[in-house]
Amino acid sequence: MPKYNINLTGTRSIIIETDGAGDGSMTAIGLREACPDCGSVDCERTCPKQASWDDAQEQEARLLYNAAVHGVESFLLALACLGAKVDTPKFTKALETALDQIAERYD
Ligand SMILES: [Zn+2]
């Protein structure tokens, strides 16, 4: 059962576990921005506290940023499930670059 532990700059990290048969799971820490009201990175205007959002533009920016990061996360998990060793220095560097580009564009 291959396991990858990818440490990125700051406090960001990704743990990927695959079953060797094409399936796997990922835990990404510190990559996506949490909802300021409920604290979940998965919140997409779905939390009960959304009525308190007073800056809709900021929330929209957070959702766009998170969607782009989620795409990178999904691609990385798919690569790992296909057997790619995603914790090499080159993969880590490429991941940092992709996340930096997303931050530059959406954050
Ligand atoms: Zn929320």
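**Getting started.** I noted that this is a predicted model, where local features need pLDDT of at least 70, side-chain atom pairs count only at pLDDT 80 or more, and totals for chains, interfaces and linings use all residues. I also noted that residues are numbered from 1 along each chain as its sequence is written.

**Layout.** I found two helices and three strands in the protein. Helices (H or I, at least four residues) and strands (E, at least two) are DSSP runs, numbered from the N terminus. Along the sequence I read the pattern β-β-β-α-α. The C-alpha trace spans about 45 × 25 × 20 Å along its principal axes.

**Burial.** I looked up the term: a residue is buried if 20 or more other C-beta atoms lie within 10 Å of its own, exposed if 12 or fewer, and partly exposed in between, with C-beta atoms placed from the backbone. Of the 107 residues, 17% are buried.

**The core.** A nonpolar core is a set of buried Ala, Val, Leu, Ile, Met, Phe, Trp, Tyr and Cys residues joined through C-beta atoms within 7 Å. Which residues touch the most other members of the largest one? I listed Tyr4, Ile6, Ile16, Leu76, Leu77, Ala80 and Val86, out of 13 residues. Strand E1 (3-7), strand E2 (13-18) and helix H1 (56-81) each give two or more residues to this core. H1 provides the largest share, five residues.

I then picked Ile16. Leaving aside neighbours within four places in sequence, Ile16 is in contact (C-beta atoms, placed from the backbone, within 7 Å) with Tyr4, Gly24, Met26, Leu77, Ala80 and Val86.

**The helix pair.** H1 and helix H2 (residues 89-106) pack at an angle of about 165°, with axes 9 Å apart. Axes are lines fitted to C-alpha atoms, for helices over the stretch in contact, and angles run from 0 to 180 degrees between N-to-C directions. So H1 is roughly antiparallel to H2, a label for angles over 145 degrees. Among the H1 residues that meet H2 are Ala61, Leu64 and Tyr65, and the H2 side includes Leu95 and Ala98.

**Pro2.** I found Pro2 in the segment before E1. Buried or partly exposed? Pro2 is partly exposed, because it has 16 other C-beta atoms within 10 Å. Not counting residues up to four places away in sequence, Pro2 touches Thr18 and Gly20. The C-alpha atoms of Pro2 and Asp87 are separated by 11 Å, although these residues are 85 residues apart along the chain.

Conventions:
Two residues are in contact if their C-beta atoms, placed from the backbone, lie within 7 Å. Angles under 35 degrees count as roughly parallel, over 145 as roughly antiparallel, 65 to 115 as roughly perpendicular and the rest as oblique.
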